[in-house]
Amino acid sequence: MLTHGDLVTRKSYDHDVLFRVYSIEGSMVKLIGEHVRLQADAPLEDLKKITGSEYEERKTHINKQEACSYRLFRQDYRLLKEKREVEAGGGYENLEEKLNYFQISPRILHIDGDPLFLKKCVQLYEQLGLQVHGQYIQEKNMPSEVTALVQKIQPEIIVLTGHDAYSKAKGSIRELESYRNSKYFVEAVRNLRQHYPHFDHLVIFAGACQSHFESIIKAGANFASSPARVNIHAIDPVYVAARVAYTSFMDHINIWEVVRNTISGEKGLGGLQTRGLLRIGMPYSEDVEN
(Lines give C-alpha, C1' and ligand atoms only; values in the text may rest on other atoms or scores of the structure.)
Protein backbone atom coordinates (compact mmCIF):
# COMPACT_ATOMS: atom_id res chain seq x y z
CA MET A 1 0.00 0.00 0.00
CA LEU A 2 1.42 3.36 -1.04
CA THR A 3 1.50 6.36 1.30
CA HIS A 4 2.62 9.98 1.10
CA GLY A 5 6.39 10.24 0.57
CA ASP A 6 6.91 6.76 -0.87
CA LEU A 7 9.35 6.50 -3.78
CA VAL A 8 7.95 5.00 -6.99
CA THR A 9 8.51 4.64 -10.74
CA ARG A 10 5.98 4.29 -13.57
CA LYS A 11 5.75 0.96 -15.39
CA SER A 12 4.28 2.61 -18.52
CA TYR A 13 7.38 4.82 -18.84
CA ASP A 14 9.84 1.96 -18.31
CA HIS A 15 10.69 3.24 -14.81
CA ASP A 16 12.63 6.18 -16.28
CA VAL A 17 12.00 8.79 -13.55
CA LEU A 18 12.00 8.38 -9.79
CA PHE A 19 9.03 10.06 -8.11
CA ARG A 20 7.79 10.58 -4.59
CA VAL A 21 4.10 10.24 -3.81
CA TYR A 22 2.58 13.65 -3.11
CA SER A 23 -1.06 12.67 -2.65
CA ILE A 24 -3.48 9.83 -3.36
CA GLU A 25 -7.08 10.41 -4.47
CA GLY A 26 -8.93 7.18 -5.05
CA SER A 27 -7.03 5.20 -7.67
CA MET A 28 -5.01 8.19 -8.91
CA VAL A 29 -1.70 9.31 -7.46
CA LYS A 30 -0.11 12.74 -7.74
CA LEU A 31 3.66 12.44 -8.19
CA ILE A 32 6.59 14.81 -7.72
CA GLY A 33 10.00 14.12 -9.26
CA GLU A 34 12.64 13.14 -6.73
CA HIS A 35 15.57 14.58 -8.70
CA VAL A 36 13.90 16.36 -11.63
CA ARG A 37 11.37 19.19 -11.62
CA LEU A 38 8.52 17.08 -13.03
CA GLN A 39 4.95 16.70 -11.79
CA ALA A 40 2.70 13.87 -12.96
CA ASP A 41 -0.43 11.86 -12.27
CA ALA A 42 -0.60 8.06 -12.52
CA PRO A 43 -2.99 5.24 -11.63
CA LEU A 44 -2.01 3.08 -8.67
CA GLU A 45 -1.60 -0.02 -10.82
CA ASP A 46 1.04 1.74 -12.96
CA LEU A 47 3.36 2.37 -10.03
CA LYS A 48 6.18 0.31 -8.60
CA LYS A 49 7.50 1.05 -5.12
CA ILE A 50 11.28 1.42 -5.03
CA THR A 51 13.36 -0.53 -2.53
CA GLY A 52 16.34 0.78 -0.60
CA SER A 53 18.94 -0.83 -2.87
CA GLU A 54 17.28 0.47 -6.03
CA TYR A 55 17.09 3.95 -4.58
CA GLU A 56 20.76 3.93 -3.58
CA GLU A 57 21.74 2.84 -7.09
CA ARG A 58 19.80 5.71 -8.66
CA LYS A 59 21.07 8.18 -6.07
CA THR A 60 24.68 7.18 -6.78
CA HIS A 61 24.15 7.96 -10.46
CA ILE A 62 22.56 11.35 -9.67
CA ASN A 63 25.36 12.20 -7.23
CA LYS A 64 27.93 11.58 -9.97
CA GLN A 65 26.04 13.91 -12.32
CA GLU A 66 25.84 16.62 -9.67
CA ALA A 67 29.53 16.26 -8.79
CA CYS A 68 30.50 16.57 -12.46
CA SER A 69 28.35 19.68 -12.89
CA TYR A 70 29.81 21.24 -9.74
CA ARG A 71 33.36 20.45 -10.87
CA LEU A 72 32.77 22.09 -14.26
CA PHE A 73 31.34 25.18 -12.60
CA ARG A 74 34.34 25.46 -10.27
CA GLN A 75 36.65 25.27 -13.28
CA ASP A 76 34.76 28.11 -14.95
CA TYR A 77 34.76 30.08 -11.69
CA ARG A 78 38.56 29.83 -11.48
CA LEU A 79 38.88 31.13 -15.04
CA LEU A 80 36.54 34.03 -14.28
CA LYS A 81 38.49 34.78 -11.10
CA GLU A 82 41.80 34.81 -12.98
CA LYS A 83 40.32 37.21 -15.52
CA ARG A 84 39.09 39.53 -12.76
CA GLU A 85 42.52 39.51 -11.11
CA VAL A 86 44.20 40.47 -14.37
CA GLU A 87 41.72 43.31 -14.89
CA ALA A 88 41.96 44.52 -11.28
CA GLY A 89 45.76 44.29 -11.23
CA GLY A 90 46.51 45.83 -14.60
CA GLY A 91 49.61 47.98 -14.36
CA TYR A 92 50.77 46.64 -11.00
CA GLU A 93 54.20 45.13 -10.76
CA ASN A 94 53.74 42.65 -7.94
CA LEU A 95 51.12 40.09 -6.99
CA GLU A 96 50.19 41.68 -3.65
CA GLU A 97 49.12 44.90 -5.35
CA LYS A 98 47.47 42.99 -8.13
CA LEU A 99 45.16 41.15 -5.72
CA ASN A 100 44.28 44.26 -3.73
CA TYR A 101 40.60 44.33 -4.70
CA PHE A 102 37.21 43.24 -3.42
CA GLN A 103 34.10 42.01 -5.18
CA ILE A 104 30.38 42.51 -4.65
CA SER A 105 28.16 39.71 -5.92
CA PRO A 106 24.46 40.25 -6.62
CA ARG A 107 21.62 39.25 -4.32
CA ILE A 108 19.64 36.24 -5.48
CA LEU A 109 15.98 35.52 -4.73
CA HIS A 110 15.12 31.87 -5.36
CA ILE A 111 11.38 31.12 -5.33
CA ASP A 112 10.57 27.42 -5.51
CA GLY A 113 7.36 25.41 -5.69
CA ASP A 114 9.05 22.50 -3.94
CA PRO A 115 10.32 23.04 -0.36
CA LEU A 116 12.73 20.09 -0.49
CA PHE A 117 14.31 21.27 -3.74
CA LEU A 118 14.46 24.80 -2.31
CA LYS A 119 16.47 23.59 0.67
CA LYS A 120 18.88 21.71 -1.60
CA CYS A 121 19.31 24.73 -3.88
CA VAL A 122 19.94 27.15 -1.00
CA GLN A 123 22.64 24.82 0.32
CA LEU A 124 24.30 24.82 -3.10
CA TYR A 125 24.18 28.62 -3.38
CA GLU A 126 25.90 28.83 -0.01
CA GLN A 127 28.45 26.23 -1.09
CA LEU A 128 29.19 28.43 -4.11
CA GLY A 129 29.65 31.46 -1.86
CA LEU A 130 26.55 33.36 -3.02
CA GLN A 131 24.07 35.36 -0.97
CA VAL A 132 20.54 34.05 -1.47
CA HIS A 133 17.06 34.42 -0.02
CA GLY A 134 14.98 31.28 -0.55
CA GLN A 135 11.18 31.32 -0.51
CA TYR A 136 8.69 28.49 -0.94
CA ILE A 137 5.63 29.54 -2.97
CA GLN A 138 3.30 27.24 -4.87
CA GLU A 139 3.51 27.81 -8.62
CA LYS A 140 -0.13 28.97 -8.90
CA ASN A 141 0.53 31.71 -6.31
CA MET A 142 3.74 33.03 -7.84
CA PRO A 143 2.08 35.63 -10.13
CA SER A 144 0.25 37.30 -7.25
CA GLU A 145 3.10 37.19 -4.71
CA VAL A 146 6.33 37.62 -6.63
CA THR A 147 6.33 41.39 -7.20
CA ALA A 148 5.86 42.30 -3.53
CA LEU A 149 8.59 39.85 -2.52
CA VAL A 150 11.03 41.29 -5.06
CA GLN A 151 10.28 44.80 -3.81
CA LYS A 152 11.03 43.63 -0.27
CA ILE A 153 14.23 41.64 -0.97
CA GLN A 154 15.58 43.86 -3.80
CA PRO A 155 17.48 41.11 -5.64
CA GLU A 156 19.43 41.48 -8.87
CA ILE A 157 18.71 37.87 -9.86
CA ILE A 158 15.44 36.03 -9.39
CA VAL A 159 14.79 32.33 -9.96
CA LEU A 160 11.19 31.16 -10.40
CA THR A 161 10.99 27.39 -10.50
CA GLY A 162 9.20 24.36 -9.14
CA HIS A 163 7.42 21.63 -11.08
CA ASP A 164 5.83 21.49 -14.51
CA ALA A 165 4.83 18.99 -17.19
CA TYR A 166 3.46 18.88 -20.73
CA SER A 167 0.32 16.82 -21.24
CA LYS A 168 -0.39 15.64 -24.77
CA ALA A 169 -3.97 14.93 -23.74
CA LYS A 170 -4.53 18.64 -23.06
CA GLY A 171 -3.48 19.81 -26.51
CA SER A 172 -0.61 20.78 -28.78
CA ILE A 173 2.92 21.26 -27.52
CA ARG A 174 2.64 24.88 -28.71
CA GLU A 175 -0.39 25.65 -26.53
CA LEU A 176 0.31 27.11 -23.10
CA GLU A 177 -2.77 25.43 -21.63
CA SER A 178 -1.23 22.04 -22.37
CA TYR A 179 1.23 22.58 -19.51
CA ARG A 180 0.66 22.11 -15.80
CA ASN A 181 2.36 25.25 -14.48
CA SER A 182 3.95 27.12 -17.41
CA LYS A 183 1.18 29.72 -17.46
CA TYR A 184 2.01 30.67 -13.88
CA PHE A 185 5.69 31.13 -14.70
CA VAL A 186 4.73 33.25 -17.73
CA GLU A 187 2.35 35.43 -15.73
CA ALA A 188 4.84 35.89 -12.89
CA VAL A 189 7.60 36.96 -15.31
CA ARG A 190 5.25 39.34 -17.11
CA ASN A 191 4.22 40.94 -13.82
CA LEU A 192 7.86 41.45 -12.87
CA ARG A 193 8.77 43.05 -16.18
CA GLN A 194 6.01 45.62 -15.75
CA HIS A 195 7.94 46.92 -12.74
CA TYR A 196 11.50 45.96 -13.80
CA PRO A 197 11.68 46.26 -17.60
CA HIS A 198 15.49 46.28 -17.98
CA PHE A 199 16.90 42.80 -18.63
CA ASP A 200 20.31 43.67 -17.18
CA HIS A 201 18.96 45.23 -13.96
CA LEU A 202 16.86 42.24 -12.92
CA VAL A 203 17.93 38.91 -14.40
CA ILE A 204 15.13 36.34 -14.41
CA PHE A 205 15.27 32.57 -14.73
CA ALA A 206 11.89 30.83 -14.90
CA GLY A 207 10.56 27.36 -15.62
CA ALA A 208 10.82 23.71 -14.65
CA CYS A 209 10.57 20.33 -16.38
CA GLN A 210 9.11 20.45 -19.90
CA SER A 211 8.06 24.10 -19.47
CA HIS A 212 6.91 26.22 -22.44
CA PHE A 213 10.28 27.87 -23.09
CA GLU A 214 9.18 30.25 -25.85
CA SER A 215 6.30 31.77 -23.88
CA ILE A 216 8.44 32.31 -20.78
CA ILE A 217 11.16 34.04 -22.82
CA LYS A 218 8.60 36.22 -24.63
CA ALA A 219 7.14 37.22 -21.26
CA GLY A 220 10.51 38.70 -20.34
CA ALA A 221 12.76 36.03 -18.81
CA ASN A 222 16.50 36.14 -19.49
CA PHE A 223 16.75 32.35 -19.13
CA ALA A 224 14.12 29.64 -19.14
CA SER A 225 13.35 25.96 -19.57
CA SER A 226 12.75 23.79 -21.52
CA PRO A 227 13.59 24.31 -25.24
CA ALA A 228 13.24 20.61 -26.11
CA ARG A 229 10.54 19.99 -23.47
CA VAL A 230 12.82 17.67 -21.52
CA ASN A 231 13.13 17.23 -17.77
CA ILE A 232 15.55 19.49 -15.92
CA HIS A 233 17.46 18.55 -12.80
CA ALA A 234 16.54 20.12 -9.46
CA ILE A 235 19.76 22.16 -9.18
CA ASP A 236 20.10 23.33 -12.79
CA PRO A 237 18.59 26.80 -12.11
CA VAL A 238 21.26 27.37 -9.45
CA TYR A 239 24.09 27.06 -11.96
CA VAL A 240 22.41 29.51 -14.32
CA ALA A 241 22.07 32.07 -11.52
CA ALA A 242 25.63 31.41 -10.31
CA ARG A 243 27.12 31.99 -13.75
CA VAL A 244 25.39 35.37 -13.96
CA ALA A 245 26.44 36.21 -10.41
CA TYR A 246 30.13 35.49 -11.02
CA THR A 247 30.42 37.15 -14.43
CA SER A 248 31.58 40.77 -14.48
CA PHE A 249 28.99 43.40 -15.42
CA MET A 250 31.48 44.44 -18.10
CA ASP A 251 30.99 41.12 -19.91
CA HIS A 252 28.14 39.49 -21.78
CA ILE A 253 27.36 35.90 -20.90
CA ASN A 254 27.82 33.23 -23.52
CA ILE A 255 24.61 31.16 -23.45
CA TRP A 256 26.47 27.96 -24.21
CA GLU A 257 28.87 28.57 -21.33
CA VAL A 258 25.87 28.92 -19.02
CA VAL A 259 24.07 25.73 -19.96
CA ARG A 260 27.07 23.45 -20.51
CA ASN A 261 27.65 23.06 -16.76
CA THR A 262 24.06 22.06 -16.09
CA ILE A 263 22.92 18.46 -16.03
CA SER A 264 20.14 19.13 -18.57
CA GLY A 265 22.25 20.99 -21.14
CA GLU A 266 20.95 23.00 -24.07
CA LYS A 267 17.89 20.80 -24.51
CA GLY A 268 16.69 21.72 -21.05
CA LEU A 269 17.81 25.35 -20.71
CA GLY A 270 18.27 28.39 -22.90
CA GLY A 271 18.13 32.16 -22.85
CA LEU A 272 19.10 35.59 -24.13
CA GLN A 273 22.32 37.59 -24.22
CA THR A 274 22.70 39.01 -20.72
CA ARG A 275 25.33 40.99 -18.87
CA GLY A 276 26.94 39.60 -15.75
CA LEU A 277 26.27 41.28 -12.42
CA LEU A 278 29.52 40.97 -10.46
CA ARG A 279 31.37 44.19 -9.63
CA ILE A 280 34.92 44.59 -8.33
CA GLY A 281 36.34 47.49 -6.36
CA MET A 282 39.59 48.60 -4.79
CA PRO A 283 41.48 49.06 -2.64
CA TYR A 284 40.76 46.32 -0.13
CA SER A 285 42.28 46.40 3.34
CA GLU A 286 41.94 43.73 6.00
CA ASP A 287 42.87 46.36 8.58
CA VAL A 288 39.64 48.31 8.04
CA GLU A 289 36.39 46.91 9.44
CA ASN A 290 33.36 47.04 7.16
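Is Lys183 buried, exposed or partly exposed, and what is its relative accessibility? At 29% relative accessibility, Lys183 counts as partly exposed, where buried means under 20% relative accessible area, exposed over 50%, and partly exposed in between (1.4 Å probe, protein chains only).

The views show a predicted model, in which local features need pLDDT of at least 70 and side-chain atom pairs count only at pLDDT 80 or more, while totals for chains, interfaces and linings use all residues. Residues are numbered from 1 along each chain as its sequence is written, and side-chain values use heavy atoms, with hydrogens and water left out.

**View A. The salt bridge of Lys183 and Glu177.** Lys183 forms a salt bridge with Glu177, the closest N and O atoms being 3.7 Å apart; a salt bridge is a side-chain nitrogen of Lys or Arg within 4 Å of a carboxyl oxygen of Asp or Glu. Glu177, at 52% relative accessibility, counts as exposed. The structure holds 11 salt bridges.

**View B. The open sheet.** Six strands, in the order S8-S7-S9-S10-S11-S13, form an open sheet with mixed pairing. Strand S8 (132–136) and strand S13 (270–271) each have a single partner strand and stand at the edges, so one side of each is left without a neighbour in the sheet. Two strands pair if DSSP finds at least two bridges between them, and helices (H or I, at least four residues) and strands (E, at least two) are DSSP runs, numbered from the N terminus. Strand S10 (residues 203–206) and strand S11 (residues 223–224) run parallel and are joined by two bridges, with Phe205 standing opposite Phe223 in S11.

**View C. Helix H7 on the sheet.** Helix H7 (residues 236–245) lies across strand S7 (108–112), strand S9 (157–161), S10 and S11, running at about 170° to S9; axes are lines fitted to C-alpha atoms, for helices over the stretch in contact (heavy atoms within 4.5 Å), and angles run from 0 to 180 degrees between N-to-C directions.

**View D. The salt bridge of Glu257 and Arg243.** The side chains of Glu257 and Arg243 meet in a salt bridge (2.8 Å, N to O). This pair links distant parts of the chain, with Glu257 in helix H8 (residues 255–259) and Arg243 in helix H7, 14 residues apart. Glu257 counts as partly exposed at 27% relative accessibility, whereas Arg243, at 8%, counts as buried.

**View E. The salt bridge of Arg37 and Asp112.** Arg37 forms a salt bridge with Asp112, the closest N and O atoms being 2.7 Å apart. Arg37 counts as buried at 0% relative accessibility, and Asp112 counts as buried at 0%.
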